[in-house]
Every structure is written in structure tokens, then in C-alpha cells.
Amino acid sequence: MRLLKPPAVKSSARLRVIAPASFAQPDRVKNGMEALRELGFEPALGTNGLERGPLYFAGTQQQRLTDWNEAFADPDTPAVLALRGGYGSNYLLENLDVARFQQRPKPFFAYSDLTGAQLHLLDQIGLPAFHGPMVAADFYRKDGVHLNSFHAALAGEPYSVDESEGLRLLKPSDGAATVTGPLYGGCLSILVALLGTPWEPATEGKLLFLEDTGAKPYQIDRMLWQLRHAGKLEGVPGIIFGEMLDCASPGGAPDLLENAILSALDGFAGPIGIGLRSGHVSRQNVTLIFGVGAEFQATNAPRLSLLEPGVTR
């Protein structure tokens with residue numbers, strides 16, 4: 001699919017901040033918004049951004065959907081950021097005004113529970129998915145955002161990530177040391193949860209980035225097994241895993257997660273990397289852009305390079 005790239009975003013732009021999933025702690029919202037102002041942006045919170053409930057949601061389905069659709073309809077808002085993930089955006093998928101998103105494409109920064117919506121928009125209309133920091137999950141922290149990749153993604157500048165961002169080689173390729181393909185992925189548990197639904201992710205043939213948090217090694221193993229037997233790893237040239245925050249097993253061997261991944265992917269011919277800090281991370285959340293062409297240099301000094309911008313300049 002041809003990408004529907006939105007215009008580049010200036011560092012002084014007005015940003016819309018919305019909560020399509022779970023509600024956020026008010027102090028984190030305040031601190032995250034202030035951090036964006038200190039960077040020169042003008043963040044504006046959606047009308048229902050501070051709603052709490054019902055249950056764990058940031059407002060009713062209609063309230064969350066209204067803020068999301070309005071953010072993309074606003075001609076003065078060139079980019080949209082989620083407050084946080086959590087749970088709940090799946091309820092909005094069937095009623096997203098995709099045509100409106102297509103009329104006014106803009107970067108939408110999110111990860112975690114929002115993986116499904118981001119990939120849906122990428123698969124349906126070609127809108128690049130900005131897998132990057134969220135306001136009340138990353139910007140509120142002093143060292144929560146990898147600013148170089150965030151600014152480069154907005155401006156349409158080329159960039160690469162490597163060992164400085166945690167990336168290391170877990171398994172070399174059976175063939176060429178460098179593989180390329182459209183970058184694609186997000187939160188592993190969300191990708192698996194979408195299998196068998198109308199929003200099933202199109203991972204086949206893509207250079208995959210997979211990450212998660214709080215899942216035990218056997219659960220990661222099980223999800224990879226499911227992806228594999230659902231045919232979702234067909235034609236995949238390489239896989240890069242995230243930091244996999246808190247995915248250790250209490251009392252287990254330090255390398256249990258890595259060995260579980262290698263076991264689940266036994267026979268996978270492409271290279272496998274791990275440790276890239278994007279999504280659920282301990283610090284400096286790296287922005288990745290799904291949909292754009294990328295190159296994974298799978299050597300002892302691994303590097304992931306985005307070969308094209310996600311915006312037009």
C-alpha cells in the first residue's frame with residue numbers, strides 16, 4: 001500500500017492530546033503537558049481527556065471517540081499524542097471515522113493498547129504509525145523520551161538506532177547480515193489479541209518490531225507460537241524485540257526470556273535483535289515509524305535505520 005504521509009510538524013506546533021483508552025493520573029498529565037511546552041510545543045487536551053470511568057476507561061466510548069475524531073478534524077492541529085495506553089481503544093475501532101483521518105492525515109503518537117488502532121489506520125489507509133512516547137506515560141518523566149528520534153520523526157529527517165538505544169543481536173541471520181522491509185509491529189499481546197478479528201494485523205513480509213511488558217517468558221513463548229502458527233511470520237525478513245520490560249520470571253535464569261524467544265522461533269531464518277527501547281521502556285522511549293522502509297544491520301554492532309521519512313517536507 002502506498003503510504004499516506006502527513007505534513008512535517010514544526011517544533012512550535014499545536015498538538016492535540018487525547019485519551020482513547022484508560023484514564024491517566026492528573027499529576028502525570030500536568031507534568032507531561034508542561035514538558036511539551038518546555039520543548040516549544042502548544043499542547044491542548046481533548047475535551048474529555050480527564051474523564052475517569054466507567055470502569056478503567058477515560059470516559060464513555062462516545063466521549064473517547066469524539067475527542068479522537070475531533071483531533072484529526074482540527075485543521076490547526078498537525079499532530080496528535082495519546083495520554084497513555086492501558087485498555088479500551090479496541091472498543092472504538094469499528095466506529096473510527098477513517099475517512100476523516102484520510103482527509104487530514106497527521107502523526108499519531110502512541111503504543112501499548114493503541115497498537116491495534118495504529119495498525120488499523122496503517123493497513124486501511126496507509127497512515128504511518130508513530131510508535132512513540134505518550135504524554136502521561138513518558139513525557140511526564142524527566143528521562144522518559146528519546147528526543148532525537150521524536151524530533152526527527154516529526155521533521156521527516158532520517159535517523160538510525162543502535163546499541164546506544166539498547167539494541168543488541170540475539171541471533172544472526174542464516175543468510176545476508178542486512179535485511180530490509182517495511183517496519184511493522186508494536187505491542188505483542190495486542191497483535192495476538194487481534195488475530196481472528198476484522199482488525200487482524202498484516203505482519204506477513206514485514207520487518208517486525210515486537211515489544212511487551214509484564215509478560216512472563218512462557219507467555220511470550222505462547223504468543224510467538226500463536227503468531228507463527230497463524231501464518232503471521234511468513235516472509236518476515238527479521239525480528240527486533242523491545243526492551244521487554246519486566247518480562248523476567250521470578251526466580252528464573254537471567255537468560256530465560258531470550259532462550260524462550262529462540263526456542264519459539266527455532267528455525268526462523270532471519271536475524272533476531274532485542275533490547276531496543278521503544279514502547280514499554282525504563283527510560284528514553286524511542287520513536288519508530290511503522291509502514292516506512294527500514295534496514296536491520298544484524299551484526300555485532302546492530303543498527304536499525306529508517307530509510308524514508310513518515311512525513312512529507
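Start with the charged pairs: the structure, a predicted model, holds 11 salt bridges.

**Stop 1: D74 and R14.** Select D74 and R14. They form a salt bridge, with the closest N and O atoms 2.8 Å apart. This pair links distant parts of the chain. D74 sits in the loop between α2 and β3 (79-82), while R14 belongs to strand β1 (residues 14-18), and 60 residues separate the two. Colour by accessibility next. D74 counts as buried because its relative accessibility is 13%, under the 20% limit. R14 is partly exposed, with a relative accessible area of 31%.

**Stop 2: R303 and D162.** Move to R303 and D162. Their side chains meet in a salt bridge, 3.4 Å from N to O. Here too the pair links distant parts of the chain, 141 residues apart. Look for R303 in strand β14 (residues 303-306) and for D162 in the loop between β6 (159-161) and β7 (168-171). R303 is partly exposed at 33% relative accessible area. D162 is buried at 18%.

**Stop 3: D138 and R141.** Select D138 and R141. The salt bridge between them has its closest N and O atoms 3.7 Å apart. D138 is buried, at 1% relative accessibility. R141 is partly exposed, at 25%. Keep R141 selected; the second largest pocket has R141 among the residues nearest its centre.

**Stop 4: the second largest pocket.** Its volume is about 250 Å³. The lining has 13 residues, and those nearest the centre are A35, E38, F139, R141 and K142. Show helix α1 (residues 26-38): this helix supplies the largest share of the lining, four residues. By class, the lining holds six nonpolar, two polar and five charged residues.

**Stop 5: the largest pocket.** This one has a volume of about 350 Å³. Of its 19 lining residues, select R28, R84, Y111, A137 and H280, the closest to the centre. Helix α5 (residues 135-139) gives the most to this lining, with three residues. The lining divides into eight nonpolar, seven polar and four charged residues.

Stop 6: Zoom in on Y56, in the loop between β2 (42-45) and α2 (61-73). Y56 is partly exposed, with a relative accessible area of 44%.

Note on methods: Residues numbered from 1 in each chain as written. Predicted model: local features only at pLDDT ≥ 70, side-chain atom pairs only at ≥ 80, totals over all residues. Heavy atoms only, no water. Buried < 20%, exposed > 50% of the residue type's maximum accessible area, 1.4 Å probe, protein only. 1 Å grid on protein atoms, 1.4 Å probe; cavity = no way out; pocket = protein on both sides within 12 Å on 5 of 7 lines; lining within 4 Å. Points joined across faces, edges and corners; volume = space filled by probe spheres on them. Nonpolar A, V, L, I, M, F, W, Y, C, P; charged D, E, K, R; others polar. Salt bridge = Lys/Arg side-chain N within 4 Å of Asp/Glu carboxyl O.
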